[in-house]
Amino acid sequence: MNLVILAAGQGKRMRSAHPKVLHPLAGRPLLAHVVTAARSVAATLGQAARLVVVVGHAGEQVQAAFAADPGLLFVAQQPQLGTGHALLQAAPWLDEAEPTLVLYGDVPLVQPDTLVDLVRAAAGAVGVLSVRMADPAGYGRVIRGADGRLVRIVEERDADDAQRSVNEVNTGILTAPTARLKAWLAQLGNENSQREYYLTDVVALAVRDHVPVVARVAPDPDEVLGVNNKSQLAQLERIVQRRHAERLMQSGATLADPARIDVRGELAVGADVFIDVGCVFEGTVALADGVRVGPYCVLRDARVGAGTELAAFTHLDGCQIGAQARVGPFARLRPGAQLEDEVHIGNFVEVKASRVGRGAKANHLAYLGDADVGPRTNIGAGTIVANYDGVNKHHSQIGQDVHVGSNSVLVAPIRIGDGATIGAGSTVSHEVPAGGLTLARTRQVTIPGWRRPTRKAKA
Ligand code: UD1
Ligand code: CA
């Protein structure tokens with residue numbers, strides 16, 4: 001089948017420098033949601049899909065954003081003279097032996113099942129997806145004759161009062177036999193308030209040519225909401241997030257407030273996961289059974305093991321945490337941080353590209369970068385690994401059962417033997433042997449009877 005997504009409009013009402021279809025919804029561009037839905041329709045119908053995207057306003061930007069997807073054929077519409085004119089630009093690439101389904105780049109929540117029903121119901125006819133809305137303002141109205149059959153679609157700006165009172169609206173989504181469709185597109189006029197070639201006028205042409213027109217009413221008005229301004233974008237964002245929240249709760253997660261969670265990627269949860277308010281999940285995140293996420297945490301591309309607790313304001317990015325660990329509050333795990341089971345990472349501790357062994361602890365104000373920390377080792381408050389010499393990053397090897405005293409600097413590259421103890425305030429830059437106590441600081445001295453300087457009398 002032919003699938004066309006119209007995405008050339010500027011989206012003036014967004015009042016934005018960015019093309020409308022690239023605005024993110026749940027972390028992905030609006031257009032990406034429509035592409036996913038289109039592919040899913042073709043897959044369900046078992047058909048090979050030719051996917052054409054009509055771009056115009058900032059078209060290069062839109063195309064560049066999808067450069068990684070070789071399955072899309074981009075067609076330019078220049079200038080943008082309306083939805084009918086947009087589809088006309090795609091016409092040469094549409095296979096006349098197969099029907100065409102037209103989707104709008106700014107109607108991102110449409111459900112594949114709804115589209116499949118429309119295509120099946122239309123077979124050989126024109127199919128229009130409509131919906132009843134309590135407040136139809138801004139949408140084209142579906143005008144039916146006395147016999148209930150569809151006669152035409154009237155844009156709100158061109159509608160009279162009687163037509164405006166109709167609450168069945170056009171979603172913009174339409175399917176038609178391709179050869180017919182091409183002929184109608186060539187006959188569209190622009191005698192309307194916007195001087196545009198409206199795709200919606202195809203309906204009246206089909207009626208004129210006695211081609212049956214079926215209108216399917218979408219089951220849920222939410223799925224066909226269009227994004228024309230920032231307020232609608234925010235409204236759709238909440239709808240998507242509510243869907244995510246429902247799915248998470250169905251999988252057994254407890255959400256402190258399903259209205260205060262943001263999933264901008266894929267979040268998988270085990271049983272009895274608890275997520276407090278204000279958390280943001282990006283990329284691919286997996287939380288095993290019993291994980292507890294405190295308020296206002298940000299998790300991107302992370303795997304968290306069973307029973308682990310992330311306290312408030314924890315920031316995870318590209319890391320892996322084992323079971324029964326405790327992280328945060330105010331902890332930051334950067335790419336390549338790998339914590340084994342029962343590790344404790346406390347407040348204001350940053351870990352980057354480091355493996356931290358089972359049961360090891362860094363509870364306060366520390367930095368571990370490019371290090372391998374053995375099991376049960378304790379990193380004292382204020383300790384940092386000086387992994388960067390200003391040019392290169394160096395690796396550190398810290399053994400097991402090591403005790404690093406507070407406020408130490410471990411100058412990389414360095415090796416610290418198993419069971420070593422490093423005295424507080426040490427700066428170690430040579431290998432530390434196993435077992436003993438290593439001190440690398442000046443000895444404490446006291447000068448008895450020392451007198452503080454006194455203020456000199458002014459001359
Ligand atoms: C359109 C429909 C309206 C429907 C509504 C549903 C027409 C004439 N009107 O109105 O009946 O109720 O959608 O959301 O079709 N586009 C182009 N090239 C253009 C103009 C638009 O590619 O020259 C694209 C836009 O990028 C957008 C889509 O077509 O993705 C719809 O355009 P928009 O201007 O938002 O149409 P609406 O006024 O919302
Ligand atoms: Ca629109």
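This tour moves through a predicted model, stop by stop.

Residues are numbered from 1 along each chain as written, and chains are lettered from A and ligands numbered from 1 in the order of writing. Local features need pLDDT of at least 70, side-chain atom pairs count only at pLDDT 80 or more, and totals for chains, interfaces and linings use all residues, while side-chain values use heavy atoms, with hydrogens and water left out.

**Stop 1: the calcium ion**

Select ligand 2, the calcium ion. Its protein donors are D106 (OD) and N228 (OD1), 2.4 to 2.5 Å away. Donors here are N, O and S atoms within 2.8 Å of the metal (3.2 Å for Na, K and Ca); water is not among the atoms, so sites may look incomplete. D106 sits in the loop between β6 (100-104) and α4 (112-122), and N228 in the loop between β11 (213-217) and α8, so the pair ties together parts 122 residues apart in sequence. Both D106 and N228 are buried. Buried means under 20% relative accessible area, exposed over 50%, and partly exposed in between (1.4 Å probe, protein chains only).

**Stop 2: helix α8**

Now select residues 230-250, helix α8. Helices (H or I, at least four residues) and strands (E, at least two) are DSSP runs, numbered from the N terminus. The expected span of a helix is 1.5 Å times one less than its number of residues. For the 21 residues of α8 that gives 30 Å, and the end C-alpha atoms are 30 Å apart, which agrees.

Zoom in on the start of α8. A side-chain oxygen of N229 comes to within 3.1 Å of the backbone nitrogen of S231. Then color the buried positions of α8, among them L233, L236, I239, V240 and L248. The buried residues of α8 pack against β2 (24-25), α1 (30-44), β12 (254-255) and β13 (261-269). After α8 comes G252, with a positive phi near 105°.

**Stop 3: the eleven-stranded sheet**

Show β12 again. It belongs to an open sheet of eleven strands, ordered β12-β14-β16-β18-β20-β23-β26-β29-β32-β35-β37, with parallel pairing. Two strands pair if DSSP finds at least two bridges between them. β12 and β37 (437-438) are the edge strands, each pairing on one side only. Within the sheet, pick β23 (residues 344-347) and β26 (residues 361-364): three bridges join them. N347 stands opposite H364 in β26.

**Stop 4: strand β19 and its partners**

Select β19, residues 315-321. Six bridges join it in parallel to β17 (residues 298-304). Find A302; its bridge partner in β19 is C319. β19 also pairs in the parallel sense with β21 (residues 332-333), over two bridges. There, L316 stands opposite L333. Another two bridges link β19 to β22 (residues 338-339), again parallel. I321 has L339 of β22 as its bridge partner.

**Stop 5: N2**

Go to N2, in strand β1 (residues 2-7). N2 is buried, at 1% relative accessible area. Its side chain makes a polar contact of 3.3 Å with that of T100. A polar contact is a pair of N or O atoms within 3.5 Å; within protein, one must be able to donate a hydrogen and the other to accept it, and residues adjacent in sequence count only if both atoms are side-chain atoms. Beyond its neighbours within four places in sequence, N2 has contacts (heavy atoms within 4.5 Å) that include R50, W93, D95, L101 and T178.

**Stop 6: N392**

Finish at N392, in the loop between β30 (384-386) and β31 (396-398). N392 is partly exposed, at 42% relative accessibility. P433 lies 41 residues from N392 in sequence and 25 Å away in space, C-alpha to C-alpha.
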